[in-house]
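My notebook is open, and I am going to look up a handful of spots one by one.

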Amino acid sequence: MAVRPILGLFEDANYAAEAGDALKEANIPEEDYDFLTDAPYPEGAFGEREERHRLYVFPLVGALIGLTIGILMTSMTQMAYPMVQGGKPIMSLPPMAVVTYESTMLTAIVFTIIGIVFESRLPKTKQGLYDTRITEGYIGVLVNVEEDELQRVYNILTQAGAVDIVRDQ
Amino acid sequence: MAESAHHSSDMWVFPRSAEVTEFVTRKTFTRPGPVTLAMALTGVLLVLGIIGFVMKAAQHGFDDHTPWGYYAAMFSFVFMVTSTGPLAAAAFRITKSHWRRPLSRVSEIFGILGIFNILLFIPLAIVLPTLNNPDVGHHELALRRSIWFEGPIGSPLWWDLFGVIFVGINALALLWLSAVPDMAEAYEKATGFRRSLYGMLAGFWKGTKRQWLIHKAGMALLGAWYFMLLIFVHFIISSDYGQSMIPGWKDAIFPVVYSLSGFQSALGLILIIMFILRRFGGYQEYIGISPFWSASKLLLAFSLLWCYHMFSFGITYWYGRTELEQNVLKYLLFGSYGGVFAGNFFFSFVMPFLVLLWNPVRKSDWGPALAGASALIGAFLFNIRIFVGSFNAGNVYGEFITEVPPPVYPGLSDILIVIGGIGGAAFIYLLATRIIPIISLWEIKEGLLYQKVDTFIRGRYLVLAKPE
C-alpha cells in the first residue's frame, strides 16, 4: 500500500507538541512525522526525536584534503626550485604556512557548502504537501503513513487541536 | 512596545509574527520612487566608471602598475567595506545576541558584492609586478620583499585571486543559506522572474526540524570560515598591494589597521542603511533603537582601537628613525599624503569618538549613523593614502625607499573610476534589496519567540529567553 502524507495545522505550538505526543502513543514511528515551522524552534520544543547529521564531517575532510595539497604543493615546489633566500632553509615553514592556510580554508569552504546541500536534502524537485499558513506562524505536523492509516492519523491530529488538516490531492 | 523610565518606547520593537512575511515581501516587491532614483543615479555612476576604466586602459595599458593607484584605492575601499559587511551577521549570530536580528540581512546582502569584487580585482591581478625582478640593476633586489618569501607556486597573483574569489563564494553561500527560508516563504507570493529564482534557490524548503538544524550548523560553520578567510585575505591584499609595493616597508601593524578599518567602516555603513530603512523605508516596527545602541558601542571600540594601532605604528617608526622609517612617515603620514592622513585621522577617530562619547547620542538612530558615515569617509581616505601612495612609491625592486615621492593627484579617468566603483557597488546592493528581503524573516520571527516586555516590581523590562 502507498505511503501518503497528511498535514495538520496548529495555531498553538503547545497543541502541535501534544499532537506529537499522541502520534508517539499511537505507535506511529518518529521518522514518519515532522514539524514544519517558519522559524527555528529550540531543539526538543515539540518533544520530537533528536536529529543526527554528519555536516561537521564535510569541512573536516575538506580541510584535511586542502592541508595535504598545501603541504605537498609548497614542499615539492621548494624542492624542485631550491633557492636560498636570506640564508633561510629551503624547506622553511613561514612561506609554506601562508599557502597551506589558504588551501585548507578553500577546500573546507567548498566541502561545507556541499555538506549543507547534501545534509539538508536540498534542492527537492517537488514541494510536496505544504500550506502557506505555516509562513504566518502556524505549526505544521506532517505525517507520512500508509493509506489505511490516514483516517486514524486524521482523528489524532483533530483531537490534538488542529485547526485544519490538509491531504495530498 | 517597551516603556520604562530608562528607555524610549521604541528601544525594542515587536512586530506581529503573522504579518512579518506579508509586510516584508510586499516591501521587497515594490520599488518606491526614491529607490528607483537612487538606482538610476548609481547606475549612471557605474557607467561613468566603466568609461573612466576604458580611458585609463587605452591611455596607459596594463604593463605599468603606477597609473592604477586610484583604481587600487577604489577596489580596496569597496572590497574592505563590502567584504567585511557579512561578518557582522556571522559574528553577532555566533554570539547569539538578540539585538542583531534586524541588522543581519542588511549585512549579509553585501555578499552579493563578492562577484563585483572579483571583477574589480582582475585588472589589479594583471598589473601587479612580479616578485622576480626581470632586470636586476644596481641597489636592486632580485626578488622583491613580500609575504611570499621566495615565492611558492602561483604567488602572489593566483593566491590573491583565489582569496578574493573564495571570500565572494563564502559570502554568497552565507547569504544563500540565510535567505533560503525567506525565499521559500516569498515564493508563494512572488510571480514571474522572482518566483522562478526563489524556486531555484530555495529548492522547496519546508522548514522541517532537520532543515533548521542543518541551517543553524551550516551558518555557524560558514560564519566561522568567513571570519578566518576574510582576515587572511585582508592580510594578503593589504600586504601585496600596499606594503610590499613600498620598498623596504615592513610593518606588522598595518594589516591589523586594514582589517580594523574594514570592521569600522562596514559597521558604519550597516548603521547608515539601518537608519535609512528605519526613518524613510517604513521599517520602524522592525528596527528599534536597540541595534543602534548596541552596535554604537562596538563602533566606538573600533574607533579607539584604530587610533591605538595608528599610534603604535607611528611611534615605532618615529622612534626607530632609520632613513627608511623617516621616509615612510614623511610619505604616508606627514609629508606627501599628510593632508589626506589628517582627514583620515579626523574621520576615522576624532569625529566618531566625539559623537559616540555621549550615551544619549548612542541611544539614538542618527548618532551611530552619523559616526558610521564619518568612519566610512575615514576609510575612503585611508585607502587613497595607502594605495595611491603604494602604487607611486618608485622602484618596487629597490632595497628601500630612499626619497619621499610627491603626492599623486587624480586625473579625470581616476575620478570617474572612483565614483564609478563606489556607485556600482551601491547599484548592485540596491538591486539585491529588490530581490532578497532586507529583513531576515525567520530571524525576526525566531526573536519574537524569545523576547517580550514584562513587569518586574514597578518597572517594565525586556525579558530574554536563552534556549542554549
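First, a term I need throughout: I call a residue buried under 20% relative accessible area, exposed over 50% and partly exposed in between, using a 1.4 Å probe and protein chains only. The model is a predicted one, where local features need pLDDT of at least 70, side-chain atom pairs count only at pLDDT 80 or more, and totals for chains, interfaces and linings use all residues. Residues are numbered from 1 along each chain as its sequence is written, chains are lettered from A and ligands numbered from 1 in the order in which they are written, and side-chain values use heavy atoms, with hydrogens and water left out.

I looked up A:Asn27 and found a positive phi of about 65°, although it is not a glycine. Most residues other than glycine have a negative phi. A:Asn27 sits in the loop between α1 (13–25) and β2 (33–36) of chain A; helices (H or I, at least four residues) and strands (E, at least two) are DSSP runs numbered from the N terminus. Is A:Asn27 buried or exposed? A:Asn27 counts as exposed because its relative accessible area is 67%.

B:Arg321 also turned up with a positive phi, about 60°, and is no glycine either. I find B:Arg321 in the loop between α10 (290–320) and α11 (323–334) of chain B. With a relative accessible area of 62%, B:Arg321 is exposed.

**Entry: helix α5 of chain B**

I then went to B:Phe121, which lies in α5 (residues 113–127) of chain B. Its relative accessibility is 0%, so B:Phe121 counts as buried. What does B:Phe121 touch, not counting residues up to four places away in sequence? I get B:Phe75, B:Asp160, B:Leu161, B:Val164, B:Ile237 and B:Tyr241, with contact meaning heavy atoms within 4.5 Å. B:Val164 is 43 residues from B:Phe121 in sequence, yet their C-alpha atoms are 7.8 Å apart.

There is a kink of about 30° at B:Phe121, shortly before the proline B:Pro123. The bend is the angle between axes fitted to the seven residues ending at a residue and the seven starting there. The 15 residues of α5(B) still reach 22 Å from first C-alpha to last, close to the expected 21 Å, a span worked out as 1.5 Å times one less than the number of residues.

Buried residues of α5(B) include B:Phe116, B:Leu120 and B:Leu124. Among the elements covering the buried residues of α5(B) are α3 (69–94), α6 (157–187) and α8 (209–241) of chain B.

**Entry: a buried serine**

I checked B:Ser244 next, in the loop between α8 and α9 of chain B. B:Ser244 counts as buried because its relative accessibility is 9%. Leaving aside neighbours within four places in sequence, its contacts are B:Arg144, B:Arg145, B:Ser146 and B:Ser239.

**Entry: domains of chain A**

Chain A splits into domain 1 (3–49 + 125–167) and domain 2 (57–119), with bounds from an automatic or database domain assignment. Their centres, taken over C-alpha atoms, are 47 Å apart.
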